[in-house]
Amino acid sequence: MGSSLELGQEAIMTKFQDPRARAIAAQIEAINVIGYESAYDPVLQNHVIQGGLSPVEGILRFDMFMGKVQQAAKNREAVWAFQLSQNISGIEWYTVEYGGITAELPRLHEDLKCVPGDKQILMQSKPVALDFLAYWNQVFKVWRYDRETDERWNRSKWSQFDTEYLRREWIEIWVEDYISTVLLQDGTCREEPVFAINACCYWGNPMDVHRTDAYLQSGSSWFQWNNFTPWR
């Protein structure tokens, strides 16, 4: 988790479709932080690990914990209800960049709800995402994630991605580009570059695309561009 300064800088940099969404997202974040801090009970945690509380005390503390969790959930629902009543878009804009090539794309903010019109914004961004991926497809191999096979990642082709692109409704892209430290068997460490351009082709309800129980009505197809076999 980043520091408060990092989180603050990220919030400043976030571009929302509707400027009013910034306050809504900040409220949800504050509820999450306060809810976690108030619900955390070191005495109860110590009891779970080492014992020391009577059964009655344990039940009372657990009830208090659940009450705070439920109150945080009610507070979030109230903020979301206001967002929906005011038709405040849940879309944020982000910039994906690699090698000097950039693309600005929309996505649903993780702390906001989807309102009428948001899905259309997501869908209208498909050509921008396609142009970015088509450029790097000339340089890197393409892979497709298949949760149904043991291999998980399988070599794919641009034509297979293009088929998914045409079938699906919008795309989200993210880039991994960092140095990873690997511990070898002899106890020494080696630094290895980690790079991948990832793209998920989504369809269905934007609120449900990450829920496995919403498949087949909502879901995603995951592709990756790089020049090595992805982690399995």
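Student: In what order do the five strands of the open sheet lie, and how are they paired?

Tutor: Strands of a sheet pair through backbone hydrogen bonds, either parallel or antiparallel. In this predicted model, the order is β5-β4-β8-β7-β6 with antiparallel pairing. Strands are DSSP runs of E of at least two residues, helices runs of H or I of at least four, numbered from the N terminus; two strands pair if DSSP finds at least two bridges between them. The edge strands, each pairing on one side only, are β5 (153-155) and β6 (170-183).

Student: How many bridges join β4 to β5?

Tutor: Three bridges join β4 (residues 141-145) to β5; Trp153 in β5 is the bridge partner of Tyr145.

Student: Which strands does helix α6 touch?

Tutor: Contact means heavy atoms within 4.5 Å. Helix α6 (residues 126-137) packs on the sheet and touches β4, β6, β7 (189-203) and β8 (219-226).

Student: Which residues have the most contacts inside the largest nonpolar core?

Tutor: In soluble globular proteins, nonpolar side chains tend to be buried together. A nonpolar core is a set of buried Ala, Val, Leu, Ile, Met, Phe, Trp, Tyr and Cys residues joined through side-chain atoms within 4.5 Å, where buried means under 20% relative accessible area (1.4 Å probe, protein chains only). Here the largest has 21 residues, and Phe132, Leu133, Phe161, Ile171, Ile173, Ile197 and Trp225 have the most contacts inside it. Helix α6 gives the most to this core, with five residues.

Student: What conventions apply?

Tutor: Residues are numbered from 1 along each chain as its sequence is written, and side-chain values use heavy atoms, leaving out hydrogens and water. Local features need pLDDT of at least 70, side-chain atom pairs count only at pLDDT 80 or more, and totals for chains, interfaces and linings use all residues.

How values were computed. Axes fitted to C-alpha atoms, helices over the stretch in contact; angles between N-to-C directions. Buried < 20%, exposed > 50% of the residue type's maximum accessible area, 1.4 Å probe, protein only.
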